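Morning, everyone. Have the model up on your screens, please.

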Amino acid sequence: MMTSKQNEEGIISNESPNNASKEALKFEEFKKEVLTDYKLAHLSRQMSLLARREVLNGKAKFGIFGDGKEIAQIAMAKQFRNGDWRSGYYRDQTFMLATGMITPERFFAMLYGETRTELNPDNGGRSMNNHFGTRLIDSNHQWINQTQSKNSASDISPTAGQMPRLTGLALASKLYREQKELAEFTNFSQNGNEVAFGTIGDASTSEGLFFETLNAAAVLQIPMAVSVWDDGYGISVPVEKQTTKASISKALRGFEKSRTDQSGILIYEANGWDYAALCQIYEDGIEKCRNNHVPVLFHIKELTQPTGHSTSGSHERYKTKDRLDWEKEKDCLVQMRTWMLEKKLTDEETLDNIEEEARKEAIAAQRSTYNEYLKPIKEEREELIRIVEQKHCVCKATKEKEIQKVIFNLKSAVSLNRKEILSSARIILRHVCVSCDKPGGLKDRLRSWVAGYYQIGNEKYNLHLYDESDKSPLKVAPVAPEYADNAPMVPGREIIRDNFDAVFGKDPRVLTLGEDTGKLGGVNQTLEGLQQKYGEWRVRDTGIHEATIVGEGIGMALRGLRPIAEIQYFDYLLYTLHTLSDDLATTHYRSKGGQKAPVIVRTRGHRLEGIWHSGSPLSMVINSIRGIHVCVPRDMTRAAGMYNTLLQGEDPALVIEPLNGYRIREKQPANWGEFRIPLGVPEILTHGTDVTLVTYGSCVRIAAEAIRQLKETGISVELIDVQTLLPFDKEGMILESLKKTNRIVFFDEDVPGGATAYMVQKVVEEQGGFYYLDHKPVTITAKDHRPAYGTDGDYFSNPNAEDVYDAVYGIMGEAYPEKFPPIY
């Protein structure tokens, strides 16, 4: 790390004079460091050039690189310590190299899509190249000691999508410093001294997420350091059309913190080709950020992009000749070389040799990595060819010709991949004659090989959507609520509140944040009095920035805390759906089990009147956040039990509390914080023999009323509360009910074709319920539009007890028309 300061000549020198020999030694050390940096910068540039070529010659699918940003990223890396965090994007390869978080071989392994995590630990082939992420979970599924490593959150592609979680990564340092009860968790922090480094392209600062999270950080005063790489364009759109005043640092002057301000950010500017100035601003800015917990923005200007935005196109299409000439002149490698020669730090020959060494090192890494990547794939191809060519039977001439054609194409494939291999095997199976279909015959062996290859593919490309270890909440043993003999009936909100009180008292890592969550205790007072008891950091009020609320949860969860991020109403979840879908839901999957973020997102919905506070868009949610458990409790005891279960596991989850349940009285449990509702296990609330009625959440109470009325006509309905939609009925309980009744109705208040269609698919197709139906499945849903206001609006917009009654009665009427004649 550079601790000296820049003088007027642009050379780094020690402020205090010393004897000549010591000064000479320090100068030699400095010169060695500069030359090492120069070689690293050239190595990274050569890696970009080689990788681009590999894409264009068909060996890789796509490439996006960090060329032109090398010098600035090296300067930033000098301040990155063990325990620090990065939340960045796909231009950061030089920073990752300089910090030791990747090697050239790992860079190329990502480019080729290497699936072996020992060779590509960043993403195991799940993400594109330059999507970095260190492994936080060891082979025993335990958290590593984050203070002994340099850490990077797993990258995503959506622009500015890295910003919300960055706030949480920095906020965790604040909490570890401020909350004395967290001092024991030394694997995650050393007194909150860690800085969260964020990187973003200048054009992406136009995204709302950037401003939302930067504002939150400025208010919170957290150690967050954001570097904006400004190369003048957002793909083809120049900065003048992107940013006010064509400068993000000028646009943010209102955010800038003065000495008397309690909030705000520090702003630094430097040119991306000025090595000495870059080293200086990063040293100064990160020191303040780390020690004083103040957010810092580094606006790095006059950067270039020598190979264009990505391999998808050429920047010559939209940049003028003058601009291209300027970029060649201002290339940071050219400028650094000129600076070193002007300051007589070295000579031309030395620099030429360094550049050649870097080029050779990049080529060696590329060749060895590609050969290693191809090695198992070639072996798999040879195994398939060997099986086919060792067959003892003789197929018909036409079929034999087709088989040999497939084998020839497979042998001569230019860009070999597993798709080509498996596709070939499946096509060959079509042409193998019936005579070969016998034990030990070709068809038999080929079927077994295909099945085994699918298993290989499953491990490489499909597993780890959820935590599959003993840390999974699906493996948490259920514990029933216990009740005292004289247990009172209390409002549902008190059930939630008292259970959270018990949970907070047992685990200092548990905290909650949201709008009106703290002082007010939530809009429904389910956290009443808990801020006074546990403090403002553990029960915290936030600004109105839903995406950042969830992002803060993600960042804190990555650092070992157990956040409960509250979104005030289910409808407002749409503000954060992209963060849930693109980041949280994919964290475990895209890191191939190397990272996890056990955030619980808490919200409330269903049946409140009006368009905006009555939402039940379950299909929109469950189809976009696979990787997050979705819990839909019918009452607050069930909700509390689900929170208890989730906090015992380490998967993310969404819990949607029923809005109309906070004032309804429930029996008060005695074992606060201990009772656990299993996920994926429905509950049969009413046993019946004629029709199975499947629902969840607020609809359970409506269904129960309809069943009471139907009973008076002699119709027996089995009512099942699914309890969770993700996972859904993992033991097939609904199918067993259908085997008994042979008729089924799915009921909710989502739109037609929404979550009811999802449940139909699960039961009728996946579980095999089709074979037990005496009547087509029936769905009862809300209308296509959102609910109109008022009691009447709700009645005409949402399904009600009469709708349920009529649907079930109609089913029975078709089977027994004389006993159940038409009503209308």
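Five bridges join strand E20 to strand E21, residues 717-721, and the two run parallel. Keep in mind that this is a predicted model. How does the chain get from E20 to E21? It crosses through helix H22, residues 699-711, and this β-α-β crossover is right-handed.

Thr692 stands opposite Ile744 in E23.

So, is E20 buried or exposed? Five of its five residues, 691-695, are buried, so the strand is largely enclosed by the rest of the structure. Both faces are covered. Val691, Leu693 and Thr695 are buried on one side. Thr692 and Val694 are buried on the other.

Now the cores. In soluble globular proteins, nonpolar side chains tend to be buried together. Here, the largest nonpolar core has 91 residues. Which residues have the most contacts inside it? Phe108, Leu278, Tyr282, Phe298, Ile300 and Met340. Helix H11, residues 348-389, gives the largest share of this core, with 14 residues.

Look at Met340 up close. Leaving out residues up to four places away in sequence, Met340 touches Val34, Leu35 and Tyr38, and also Leu345, Thr346 and Leu351.

Another core lies apart from the largest one. That other core has 82 residues, including Ile137, Tyr176, Leu573 and Ala597.

That's my part. Over to you.

How values were computed
Residues numbered from 1 in each chain as written. Predicted model: local features only at pLDDT ≥ 70, side-chain atom pairs only at ≥ 80, totals over all residues. Heavy atoms only, no water. Buried < 20%, exposed > 50% of the residue type's maximum accessible area, 1.4 Å probe, protein only. Helix = DSSP H or I, 4+ residues; strand = E, 2+ residues; numbered from the N terminus. Pairing = 2+ DSSP bridges. Right-handed = clockwise from strand over helix to strand, strands pointing away. Core = buried A, V, L, I, M, F, W, Y, C linked by side-chain atoms within 4.5 Å. Contact = heavy atoms within 4.5 Å.
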